[in-house]
Amino acid sequence: MSVAYYDKNAFQFFNGTFAVNMTSSYRRFLPFVPAGGSILDAGCGSGRDSLFFKANGYKVTAIDASKEMTILASEATDLNVINCEFDQFLAPSPFDGIWACASLLHTPERHLKNTIGHLISLLTNGGVFYLSFKNGVGEHAIGERIFTNLNEDGLKAIVADLPVSIIDSWISCDVRPEKQHELWCNAVLKKSQNH
């Protein structure tokens, strides 16, 4: 349902998000990723963050469920962006970091824990995972898109028995000027060393 929206509105979404400044979130994630390390951009959308990581010397793999978005993101980043769902993606070697910026929020609530667990399995021991959701509770639809909202308590509950700890969490305003009234729940998870 949400994928069809992005396929139909790929150019509009690309133009509305590619220039958004995510510096404040990069600063909370990248100190935990080794220089030149490998990052999976999970649900890369326009490719904005993939391009930033690539330009700063990281080895980037990018995936998105929308075929049309992968075409635009591939052109923008000069990366071969992979068209697949989160839980379909497998990697030949684990990543030092996973970046899921405003992407997991389209996963139905009943599948969220398993999806996050699958992505955690793609991390190195001690690897880190940034994720963000609209701050709130429960699922709701906006047009053709379904959103799963999470607050900090909801996130804690989902990851409670997964092999990660929350090393940072914060609430932020949307960085797009027209959406500054929207609040986001952000977190950085760290995978346990013994998994």
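**Aromatic rings: worked exercises**

Tyr-26, Phe-29, Phe-52, Phe-53, Tyr-58, Trp-99, Tyr-130 and Trp-170 form one aromatic cluster. We're working with a predicted model, where local features need pLDDT of at least 70, side-chain atom pairs count only at pLDDT 80 or more, and totals for chains, interfaces and linings use all residues. Residues are numbered from 1 along each chain as its sequence is written, and side-chain values use heavy atoms, leaving out hydrogens and water.

**Exercise 1.** Work out how the rings of Phe-14 and Phe-18 are arranged.

*Solution.* Start with the rule: rings of Phe, Tyr and Trp (its six-membered ring) pair if their centres lie within 6.5 Å; planes under 30 degrees apart are stacked, over 60 edge-to-face, and the rest tilted. The count by this rule is 12 aromatic pairs. For Phe-14 and Phe-18, the centres are 4.9 Å apart and the planes sit at 15°, so this pair is stacked.

**Exercise 2.** Classify Phe-53 and Tyr-58 as stacked or edge-to-face, then as buried or exposed.

*Solution.* First, the geometry: 6.4 Å centre to centre with 85° between the planes makes the pair edge-to-face. Next, accessibility: buried means under 20% relative accessible area, exposed over 50%, and partly exposed in between (1.4 Å probe, protein chains only). Phe-53 comes out at 0%, so it's buried; Tyr-58, at 13%, is buried too.

**Exercise 3.** Find which charged residue lies over the face of Trp-170.

*Solution.* Look for NZ of Lys or CZ of Arg within 6 Å of the ring centre and within 35 degrees of the ring normal.
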